[in-house]
Structure formats: C-alpha cells, structure tokens
Amino acid sequence: MRGISMFSFYTLIFLITNTDSIRQNYNQINVLLINCVVGLVASIIGAVTIEHKSIGRKKLLFITGLLSSLSLVLSFALQDYSWHIIGIFATNFFLTIQYLTVGLYINEAYRTKVRNTAGSLTFMISRFGSILGPFMVLVSENLITGVSLIIISCIQLLFMLLCAISPVETKNKSLDEQI
C-alpha cells in the first residue's frame, strides 16, 4: 500500500513540474511552493484526523483512496488548466494523508517480532513506487497527459480494494492483539 501511495505522489509531482501546458501557464517554483504548503496542511490535518474517535485507520485509508481517485478524474475531465492544477493539488493533499496513515497502520498491524522487518520492507517497496513514478511522465509525454492520470486513478482504486480486504483495524487496540 505504501508503494502505491509513493508511486501516485511522485508521479503527480513530476507531472506538475514537467507538463508543457503547466510550464507555459505557471511558474514552476510557485507550483512547487504551493504543493509544499498543501503537503504541510495535509500533514497537520492528517495527524488530527488519524486520532479522530469515529474514523478508523482502514476507513481513513479507504476515504483518502476514494477522494484522491475522484479528484484525479475531475482533474482529467476539467480541461481548464487552473482546475487541472487544483485537482492535482487536491490529490496530493489526500495522498499525503494516505501516506501518513499507511505508515501508522503498518506499524500497528504487525506483532513486535516482525514490526521492524515489515516496516522496513514497506519502505523498500515504497522506494520502487517513487522510482517508477517519474516514468509515468514519459508515458504522458509520449501518449496523452490524461493517460497517466487515469492509470494513477486506477491504482488508487486498487489501493481502496487492498484497504477493504485488509484484515485488521488497528484503531484503539493494543499492539499485542494484532496479527
């Protein structure tokens, strides 16, 4: 799940900075600065939301997967460049919360014996996601820009499926009870 989050996040970062239409209409430094502010706000909101009483880890992961997928579809459907950028920023907002929640979920879902190994393995897999992400920019340059957005949206739908079938809800449970 962490690899899917990183793949989606880095693909969108590279799309923001390397798409010709965005380069022509916006200053890249401003776009990256706005994206950093969006990430900071998402981190703060994510930290508060993770500990909310009525939202569990699995539910939050499912919701962020759904909202990131929907914002990508809207970003693709609305061809106006301003709405396109806003859709990508919204997706990065939800992906940041998703990444924070996945990290916490992985640490809580495994027993103490394998927790470090499982966490390290997920970090290693997330590196593959961040390495493969920039290649989507090449795909979008050689095909249609929307193809990469549709692929990321489908990957987020896969993420939602993984969240739905994950066996453990870790919210408000002690770490020793987990599988």
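1. Cys36 counts as exposed, at 53% relative accessibility. The classes used here are buried for under 20% relative accessible area, exposed for over 50%, and partly exposed in between, with a 1.4 Å probe and protein chains only. Please keep in mind that this is a predicted model, where local features need pLDDT of at least 70, side-chain atom pairs count only at pLDDT 80 or more, and totals for chains, interfaces and linings use all residues. Residues are numbered from 1 along each chain as its sequence is written, and side-chain values use heavy atoms, leaving out hydrogens and water.

2. Cys154 sits in helix α7, residues 145-165 (helices are DSSP runs of H or I, at least four residues, numbered from the N terminus). With a relative accessible area of 46%, Cys154 is partly exposed. Its C-alpha lies 9.9 Å from that of Val73, although 81 residues separate Cys154 and Val73 in sequence.

3. How many disulfides does the structure hold? The count is 0, a disulfide being a pair of cysteine sulfur atoms within 2.5 Å.

4. The largest nonpolar core has 11 residues, among them Val31, Phe89 and Ile97. Such a core is a set of buried Ala, Val, Leu, Ile, Met, Phe, Trp, Tyr and Cys residues joined through side-chain atoms within 4.5 Å. Two or more of its residues come from each of α3 (28-50) and α5 (81-109), and α5 gives the largest share, 5 residues. There is also a second, separate core of 9 residues, including Ile4, Val102, Ala109 and Cys163.

5. Leu60 belongs to the largest core. Leaving aside residues up to four places away in sequence, Leu60 touches Thr49, Ile50, Ile55, Ile97 and Thr101, where contact means heavy atoms within 4.5 Å.
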